[in-house]
Amino acid sequence: MRLHEYQAKEVFAEAGLPTPDAELAESTDEVLAAADSIGYPVAVKAQVHVGGRGKAGGIEIADSDDEVREAADSILGMDLKGYTVDRVLVEAAVDFVDELYVGVTMDRGEGKPVAMVSSEGGVNIEEVAEENPEAIAREHVDPAFGMHPYQARRAVYDAGVESDVASDVAGVLSTLYDLWADSDAEDTEVNPVMVTSDREVVCADAVMNIDDDALFRHPDLAEMEEAAAEDDLEAKANEYGFDYVRLEGNVGIIGNGAGLVMTTLDLVDYYGGAPANFLDIGGGAKAERVANALDMVFADENVDSVVFNIFGGITRGDEVAQGINDAIAQFDELPKPIVVRLAGTNAEEGMEILNTDALDVEETLEGAVQRAVEHAGGESQ
Amino acid sequence: MSVLVDDDTRVVVQGITGGEGEFHAGQMIEYGTNVVAGAVPGRGGEEVHGVPVYDTVSRAAEAENADASVVLVPPAFAADALFEALDSPVDLVVAITEGIPAQDMARVYKRLGETDTHLIGPNCPGVITPGEAKLGILPGNIFSSGNVGLISRSGTLTYQVVDNLTDRGLGQTTAIGIGGDPIIGTDFVDALSLFEDDPATDAIVMCGEIGGTDEEEAAEYIDANMTTPVAGFIAGRTAPPGKRMGHAGAIVSGSGAGTAESKIEALSEAGVPVGDTPEEVADNVEELL
């Protein structure tokens, strides 16, 4: 779960990190009032879950009422990479002389948390990591002990942070680590940490992603989740609790288990078709879940055919077949052709009850995919 | 021969009184697995499927001489169950549980490094030596005994590939579902080395997917150390960058690391034929044997 910048800033401020004065605003009037109480110059920042907001026109600096009105008018309501901006954060603009990067995340390869500092802040840190990896100082942390103060200092000095602000920056890193650990975050990041001409350190941005698997023990953070103004279908998938990704093609794909569903997508491509989506119904799905999955794929206008690929382990073929029957029973004629492939646990029982009059049935994965690609008007071999 | 599990493996099931635990303990016993005990706090003295339940893993291991544990415990309690298994101690822990918080797994992983125990998973289907023992939730009927070792990050993909193998009469020594989470115990390299040392394994299938760099590391290891031939498969060629495809680990960053292409290239360079379809993987195994 990704927190909005304004939410992450609240959490950061509560933890004692230096953040600029800021107010959330939903209209041009509110933006003006906020700027007035904070004092110019201010930054007006779109609050949407999109990276690179600044470059995309989602962040403007304003120095007067006129400028702030213009910024508010241009940002509020704008479409930022598919998301409509309905709120902005109005924040005291920091007069900085230097920008740093400070962050904590899980190093998956090492199986350990890693704390990072770079004196090249304010830019795309992934690019820095790729092009100039030495510009980022890294400290791996023993998750059983937490980060020792010397580790924070070492990272800051290794990154070449100037010594008069080193201890403040080390403090930011330590606090970010503690927040990361205490809130089961995937990452906590500030990019940039700004250094002012008075040699003060300010967290000018705030990123915080919480591990969805750990939300059960953080009810306060879970409450911050807001339904994002995203794709209707992805919203529907969230409601049904599916792992779902919408793609560009026209062959709808439903299956069980991430690896098998990805393989089904790959085969659709291999046989000359184009996948419309990734949809994993998960393990042990019952009839209702299966029906929901079909509902989702039917709701996608781009879909011209559907391939249903189930290899039962914990999932039972008879349950799946019942779900398919239930879902198609409401149609006199299917809106889109469906190819079903059932294998594994209780597949034979499933095949006995499956309404094969309305469906195409294939025994093999390859056969099912080829048939679905043909139905969708793609090539096949 | 086999790796990790066989007829003699003595298994304790953590969480045996829960819905999943009871069902899959029954399935394991039916398959012929030597399930000797269950472990559930507060339920010591009970019996499930005729198997005695103990309050702690240590007591179960001691009383029944168990050397392996299968963890079928809900995610909120799973890390504690894993620590308990590592501390009991048993030689092998198979963690089926999906959805264990990553920071919990980081602490377990740290502890694991201080022990001699093999951890399989979490978020995996388990380990099976066909005809001898299965530890986990894999459907036993699709497997057959033979000379191919199998390692996979995905449960259902394991079933698919095994089906393609079994169809050709290519039986398996052992199949290991290592799990799709970012932090796992046994990884490709560990599993490859186990099969390399197993005289009964004449070829190995390695099923990977997008995300992480485990396959690339495995390719380096194969190139430098393996004499047993390996056939590969990589799921997720069509995955768009930046999107998570189900498995927590199956996300491709925009930078090219962890992509299907980079994995296929690394494996090909190490002499591993990578099939475009599961069917082709079976073709490749036939040729390697």
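The paragraphs below lead from a sheet in chain B, through a set of annotated residues, to one residue of chain A.

The model is predicted, so that local features need pLDDT of at least 70 and side-chain atom pairs count only at pLDDT 80 or more, while totals for chains, interfaces and linings use all residues. Residues are numbered from 1 along each chain as its sequence is written, chains are lettered from A and ligands numbered from 1 in the order in which they are written, and side-chain values use heavy atoms, with hydrogens and water left out.

In chain B, six strands make up an open sheet of mixed pairing, in the order E9-E8-E11-E10-E12-E13. Strands (E, at least two residues) and helices (H or I, at least four) are DSSP runs numbered from the N terminus, and two strands pair if DSSP finds at least two bridges between them. Strand E9 (133-136) and strand E13 (230-235) of chain B are at the edges, and because each has a single partner strand, one side of each is left without a neighbour in the sheet. Neighbouring strands of this sheet are turned against each other by 15 degrees on average, direction ignored. Within the sheet, strand E10 (residues 145-152) and strand E12 (residues 203-209) of chain B pair in the parallel sense over five bridges, and Leu150(B) has Val205(B) in E12(B) as its bridge partner. Across E12 and E13 of chain B lies helix H8 (residues 260-269), which runs at about 175 degrees to E13(B); axes are lines fitted to C-alpha atoms, for helices over the stretch in contact (heavy atoms within 4.5 Å), and angles run from 0 to 180 degrees between N-to-C directions.

An unreviewed UniProt entry carries a "binding site" annotation that includes Gly19(B) and Ile96(B); such annotations may be inferred rather than shown by experiment, and their positions are given in the numbering used here, with feature names shortened. Gly19(B), in helix H1 (residues 19-31) of chain B, is exposed, with a relative accessible area of 62%, whereas Ile96(B) is buried at 9% (buried is under 20%, exposed over 50%, partly exposed in between, with a 1.4 Å probe and protein chains only). Ile96(B) sits in the loop between strand E6 (92-95) and helix H4 (102-112) of chain B, and among the residues it touches are Val70(B), Asn123(B) and Ile137(B).

In chain A, Asp205(A) belongs to the loop between strand E11 (201-203) and strand E12 (207-210) and is buried, with a relative accessible area of 12%.

Note on methods:
Lists of a residue's contacts leave out its neighbours within four places in sequence.
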